[in-house]
Each structure stands twice: as C-alpha cells, then as structure tokens.
Amino acid sequence: MNEYTYPILFGVIIGLATRIYMLKTDYRQYPTYLHGKVIHLSLAFIAAGLGTIAVPAIMEEEFAAITFLALAASQFRDVRNMERNTLTELDGYELVPRGSTYIEGIAIAFEGRNYLVIITSFLATLAYLVANFWVGLVVGIGAMLISHRLMTGGQIKDIVEIQYVKPHFKDAGLYVDNIYIMNIGLPERQKEVLQYGMGFILTPKNFNARTTIANLGQRQAILHDMSTALGVYRDSGTPALVPLAKRDLNDGRVGVFVLPQEQDLEIAMSILGQVPTLENAIRMPTEKIKEKVK
C-alpha cells in the first residue's frame with residue numbers, strides 16, 4: 001500500500017456509486033435483470049478505475065498513462081455499438097417497435113454515462129489528494145448529483161399540449177379529431193377499434209416543437225412507450241390494429257392512435273406526457289431563421 005491506495009479506492013467507489021445511481025430499469029425493462037445490469041456495472045468499474053488512476057498518473061508525471069483514457073473512449077464507443085445491435089435485434093420481435101431513432105438515443109445515453117463516471121471519479125480523487133477525504137466526498141456527491149441531472153432529458157409534455165379525442169370513423173376512414181389515421185373496411189375490425197382505441201392530439205407549443213414531433217422516430221417512440229406501459233390490443237398479422245401517429249399538414253398537430261389493454265385515461269395521459277424527447281429528433285429551425293435575419 002502507498003499514499004495513493006485509499007484515494008484510488010475512494011475514486012472507484014464514488015464512480016461505481018454514480019453509475020448505480022444512474023442505472024434504472026423502468027417499465028421498458030431495459031437494462032434487463034440481472035445480466036444486463038452486470039454488464040453495465042462491470043463497464044462502470046472499468047470507467048471509474050480509469051478516471052481515478054489518471055490523477056496519480058498526472059501527479060507522478062507519468063503522462064504516458066493518460067493515453068489509456070483515449071483507449072477507453074474507443075472501448076466505450078463499442079458499448080454504443082453493442083447496445084445498438086442488441087436493441088435492433090430485439091426490435092424485430094416487438095409488437096410495436098422502438099424505431100431506429102429511439103434505439104440510437106438509448107445507445108448514446110449508455111455510452112455517455114460511462115464518460116460521466118470517468119469525470120466523477122477523476123474529480124473526487126483529485127479533491128481527495130489536493131485537500132482531504134471530506135472535501136473529496138463532497139465533490140464526489142456533487143458530481144454524482146450533476147451526472148444524474150445530465151442523464152435526464154426533456155419530455156413530450158414540455159413541448160406539446162396533450163388532448164384526449166375519441167377515435168371515430170367516416171365511412172371506412174379512421175380519424176382522431178380531423179386527422180386521418182388509416183382505412184379499415186371490415187366491420188368487425190371497426191368495432192374492435194372503437195372499443196379499445198384511444199386517440200390523442202398533440203399540439204406543439206412553438207415552431208421548434210412542431211418540427212420535433214414531425215420526426216418519424218419521435219412519433220414511433222410515443223407509440224412504443226404507450227404500448228409498453230399500457231399493453232397493446234393486437235398480435236402479429238393484424239395490420240388493422242397497429243397504433244399509428246399522423247400529422248395534420250396544415251398546423252403541425254399530431255394525432256396519436258393507440259389500442260391499450262389498460263383503458264385508464266389518466267394513466268395514459270401521464271405516460272404520454274413522460275415520453276422522452278429524443279435528442280436525435282430535436283430540431284430548432286428558428287435558430288436558422290434568426291441567423292438569416294441577422
């Protein structure tokens with residue numbers, strides 16, 4: 001044991017605790033119990049070790065050791081590829097798929113959280129060595145809380161107004177409010193749709209939100225999350241019972257049609273509002289307009 005043993009152990013523990021704090025399995029059941037969590041915690045241990053060891057390496061002027069951080073960045077990019085490939089394979093067996101945009105967002109998030117672990121471990125170890133254990137603990141807990149805040153993104157309810165509208169038919173056309181969803185000709189299917197179907201209108205709060213919810217990946221994420229949380233009344237080979245989201249081309253509103261097994265409007269509204277706003281779907285055309293005005 002030497003002067004760096006306790007600071008290194010401290011930094012690794014803080015980094016691992018940070019990842020545990022950020023690791024959450026919710027209604028989407030990802031990461032899965034137990035093996036999915038073991039993989040992420042193992043990678044977190046490696047990330048915490050890299051971030052911690054960097055501090056003694058710098059103090060001892062062993063700058064060659066810092067190159068391991070560059071190697072780590074390459075390895076954690078493989079984490080993104082692993083998540084992307086796994087989720088893409090699983091997506092083909094979902095009744096309502098996540099979609100490529102949602103999958104890419106999840107993969108990026110898991111990669112990014114390993115970098116947050118590296119930074120947290122680095123700062124906690126640095127504070128320990130420069131000051132003392134208690135300062136390191138305060139810095140570590142502060143970095144942990146900031147990391148948890150950074151992992152949470154926006155939600156649909158932040159950018160749209162949500163309104164429930166009962167689906168209805170005009171001849172064979174299914175509508176949510178005045179937004180056409182699809183054509184269903186069989187009377188038996190029409191009866192099922194009216195019995196189990198729920199419709200929602202998403203009205204964007206601004207022009208940027210209008211462009212964001214127009215993204216097909218964002219709309220697919222809405223359908224997937226609602227169908228996962230509330231169940232879905234369909235099976236393979238029933239195209240008439242597929243949840244859909246369609247745009248009103250005139251004003252940018254989006255009509256959402258779902259067939260939940262749990263017919264609870266309050267829960268459905270809550271789930272819809274909590275659907276994440278995908279980073280890859282966010283668009284800000286007003287910024288470009290401002291540039292042109294200048």
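The model is predicted, so local features are given only where pLDDT is at least 70 and side-chain atom pairs count only at pLDDT 80 or more, while totals for chains, interfaces and linings use all residues. Residues are numbered from 1 along each chain as its sequence is written, and side-chain values use heavy atoms, with hydrogens and water left out.

The protein contains 10 helices and seven strands; helices (H or I, at least four residues) and strands (E, at least two) are DSSP runs, numbered from the N terminus. Along the principal axes, the C-alpha atoms fill a box of roughly 80 × 55 × 30 Å. Of the 294 residues, 44% are buried, where buried means under 20% relative accessible area, exposed means over 50%, and partly exposed lies in between (1.4 Å probe, protein chains only). Among contacts between residues at least 6 apart in sequence, 77% join residues at least 24 apart; a contact means heavy atoms within 4.5 Å.

Two packed helices are described by the angle between their axes and the distance between the axes. Helix α1 (residues 5-22) packs against helix α4 (residues 100-130) at an angle of about 145 degrees, with the axes 8 Å apart. Here, axes are lines fitted to C-alpha atoms, for helices over the stretch in contact, and angles run from 0 to 180 degrees between N-to-C directions. The crossing of α1 and α4 is right-handed, a crossing being left-handed if the near helix is turned anticlockwise from the far one by less than a right angle, and right-handed if clockwise. On the α1 side, the contact is made by Tyr6, Pro7, Phe10, Gly11, Ile14, Gly15, Thr18, Arg19 and Met22. The α4 side contributes residues including Phe110, Arg113, Leu116, Thr120 and Thr125. By class, the contact of α1 with α4 has 11 nonpolar, six polar and two charged residues; Ala, Val, Leu, Ile, Met, Phe, Trp, Tyr, Cys and Pro count as nonpolar, Asp, Glu, Lys and Arg as charged, and the others, Gly among them, as polar.

Tyr6, which lies in α1, counts as exposed because its relative accessibility is 51%. The C-alpha atoms of Tyr6 and Thr125 are separated by 9.4 Å, although the two residues are 119 residues apart along the chain. Ser147 belongs to helix α5 (residues 133-151) and is buried, since its relative accessible area is 4%. When residues up to four places away in sequence are not counted, Ser147 touches Thr18, Met22, Leu116 and Thr120.

Eight salt bridges are present in the structure, each being a side-chain nitrogen of Lys or Arg within 4 Å of a carboxyl oxygen of Asp or Glu. In one of them, the closest N and O atoms of Glu111 and Arg80 are 2.5 Å apart. Glu111 lies in helix α4 and Arg80 in helix α3 (residues 67-91), and the pair thus links parts of the chain 31 residues apart. Glu111 is buried at 5% relative accessibility, whereas Arg80 is partly exposed at 25%. A salt bridge also joins Glu104 and Arg84, with an N to O distance of 2.7 Å. Because Glu104 lies in α4 and Arg84 in α3, this pair ties together parts that are 20 residues apart in sequence. Glu104 counts as buried at 18% relative accessibility, and Arg84 as partly exposed at 23%.

In a further salt bridge, the closest N and O atoms of Arg253 and Asp177 are 2.9 Å apart. Arg253 is placed in the loop between β6 (244-247) and β7 (254-258), and Asp177 in the loop between β3 (173-176) and β4 (179-183), 76 residues apart. Arg253 is buried at 13% relative accessibility, while Asp177 is partly exposed at 33%. Salt bridges that share partners join Arg80, Arg84, Glu104 and Glu111 into one network.

Strands of a sheet pair through backbone hydrogen bonds, either parallel or antiparallel. An open sheet of three strands has the order β2-β3-β4 with antiparallel pairing, two strands being paired if DSSP finds at least two bridges between them. Strands β2 (168-170) and β4 stand at the edges with a single partner strand each, so one side of each is left without a neighbour in the sheet. From one strand to the next, the twist averages 40 degrees. The antiparallel strands β2 and β3 are joined by three bridges, and Lys170 stands opposite Gly173 in β3.
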